[in-house]
Amino acid sequence: MTTIDYREFYIDGGWKRPATSEMIAVNSPTTEQAIGSVPAASTADIDNAVAAARRAFDDPDGWSTWHPKQRAEALDRFASELELRAAETARRVSIQNGMPIWLAEQFEGGFPAVLLRYFSQMMVDSPAIDERPGMLGGTARVTRHPIGVVGAVVPWNVPQAISFLKLAPALAAGCTVVLKPAEETVLDAFLMAEAAAASGLPAGVLNVVPGGRDVGAYLVEHPGIDKVSFTGSTAAGRKIAEACGRLLRPVTLELGGKSAAILLDDVDLNASLESLFGVTFLNNGQICWLNTRVLAPQSRYGEVVDTLTDLAKSLKIGDPLDPATKIGPLVSARQRERVEGYIAKGKSEGARLTTGGGRPADLDTGFFIEPTIFADLDNDATISREEIFGPVLSVIPFADEAEALAIANDSEYGLGGSVWSSDIERAADMASKVKSGTVGVNHYSNDPVAPFGGIKSSGMGRELGPEGLHTFQHLHTVYLPPAG
Ligand code: NAD
């Protein structure tokens, strides 16, 4: 198989030789074979990228000073170049992290261009000046300004969509960006850089420098960065929050989760199967907001366990490039070991395994794990409390709605969640009481119009919606004197 190899970084609007010869080798989690390589950024490369972004931001006639319409035109060209590469972007993500191709086409091929146009248009439609009649006689003139050079650090699980949750609002607002992709998913990031170059995005507006956590930490603390936007684990988020606290540097953190799906006693299980799959096993269990705790009423507990067990058994496991595949491999051998460790823990703590729990018998290559369901356990089990990041569910019984809510809210995390019922208003009422950033009713989807993000150990700040744009702006007030 031919491999996809790059030898230079996209910095300052062109392809630049790396400062060192260190490389990142990319292996397929499906075939375990080499599929590509890119240079690994050193601190010197980060310095170059930040300097380029800084120059672009500080240019008195540059990107940050353009009219939003002018930036919208440039970002529309970027979106069009991404669309030309959408199929290849989806393929590259799928072969790197195991995301089923049908999902990669939606999330990774499709979403970035949508987000670029959405936030560009929002900027065009936003009033440039907000003049407020003052209480003290004068007028307060409030304006929003791009916050500066953004350091964006992203994970491997949904690499393109997550990158554009940051890039689209940041660029639309007039910021310039240094993006550090995760080492597992770099080939899609370089294709995105090709799209940026082909679209004629001005030099330094976007710079792409992949590397490991040390390079990420260096970027976060770099004196040339004005704002950090991070998506990843809670452990890394804490370290980044500490660094940004010390530097008094604005930071947005999208971290881990252990969200709950609450099935009320009138749920229509058969009608909900596809959506239940979407909130539990999507992307092989590797999405931060997945509902990996399923809370079921005692009166229907056996039925829920059986339904989910049948659902898990029905999912086709295999090559993520096969459109029929529902469950691809986990991203790496390390991630599989981690998930297997949790499965062992679930068994040793006495939970009942109803299906899965191991590697599929017919697949001896690739980092596959069967969709796995544990029943007869409570919310105190380790696998009910810790984020596993794999296709493993805890099905927990509850006696009444009050207990369901108490269990759902008894978590160090607060990112997503869902409530399922034949009565939408009953479910929506319960959803309003779930302590997390977002909750779905009878489904879950991160609609771009609304803020997405977490509370507690799931992070701080929001992405998407106008709130997602505002995190890349700072506010400026001029007090005009009373008239006359
Ligand atoms: P990770 O935190 O190990 O790595 C994420 C990114 O941060 C990578 O680019 C990595 O190189 C970098 N990084 C790691 N430590 C760093 C540090 N100290 N300073 C700067 N950069 C650092 O996470 P992961 O294992 O790659 O991703 C999975 C995690 O991401 C899960 O916990 C998942 O819940 C979370 N996630 C959250 C969201 C969300 O929106 N809340 C979305 C996707 C994934």
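E254 lies in strand β12, which spans residues 251-254. The structure described here is a predicted model. In UniProt, an unreviewed entry places the feature "active site" at E254. Is this residue buried or exposed? With a relative accessibility of 3%, E254 counts as buried, because buried means under 20% relative accessible area.

**Domains**

The protein chain is divided into two domains. Domain 1 is made of two segments, 4-255 and 458-477, while domain 2 covers 260-449. Their C-alpha centres lie 30 Å apart. Between the domains, 33 residues of domain 1 are in contact with 33 residues of domain 2. The size of an interface is often given as the accessible area lost when the parts come together. Here, domain 1 and domain 2 bury about 2,500 Å² between them, and 63% of that area is on carbon and sulfur atoms.

Strand β9, residues 176-180, is mostly covered, with five of its five residues buried. T176, V178 and K180 point one way from the strand, whereas V177 and L179 point the other way. Both sets of residues are buried.

Strand β9 pairs with β8 (residues 149-153) in the parallel sense. In this pairing, A152 has L179 of β9 as its bridge partner. Strand β9 also pairs in the parallel sense with β10, residues 206-208. L179 stands opposite V208 in β10. The chain passes from β9 to β10 by way of helix α6 (residues 187-199), and this β-α-β crossover is right-handed. A right-handed β-α-β unit is likewise made by β8, helix α5 (residues 159-173) and β9.

**Two open sheets**

Strands of a sheet pair through backbone hydrogen bonds, either parallel or antiparallel. Strands β4 and β5 (residues 34-39) run antiparallel. Within this pair, M23 has P39 in β5 as its bridge partner.

Another open sheet has seven strands, ordered β15-β16-β17-β14-β13-β19-β20, again with mixed pairing. Which strands stand at its edges? They are β15 (352-355) and β20 (440-441). Each has a single partner strand, so one side of each is left without a neighbour in the sheet. Inside the order given above, β13 (residues 260-263) and β19 (residues 418-420) run parallel. A261 stands opposite S418 in β19.

| Strand pair | Sense | Bridges |
|---|---|---|
| β8 and β9 | parallel | five bridges |
| β9 and β10 | parallel | three bridges |
| β4 and β5 | antiparallel | five bridges |
| β13 and β19 | parallel | three bridges |

Key: Residues numbered from 1 in each chain as written. Predicted model: local features only at pLDDT ≥ 70, side-chain atom pairs only at ≥ 80, totals over all residues. Heavy atoms only, no water. UniProt positions renumbered as here; feature names shortened; annotations may be inferred. Helix = DSSP H or I, 4+ residues; strand = E, 2+ residues; numbered from the N terminus. Buried < 20%, exposed > 50% of the residue type's maximum accessible area, 1.4 Å probe, protein only. Pairing = 2+ DSSP bridges. Right-handed = clockwise from strand over helix to strand, strands pointing away. Domains from an automatic or database assignment. Contact = heavy atoms within 4.5 Å. Buried area = accessible area lost by both parts, 1.4 Å probe.
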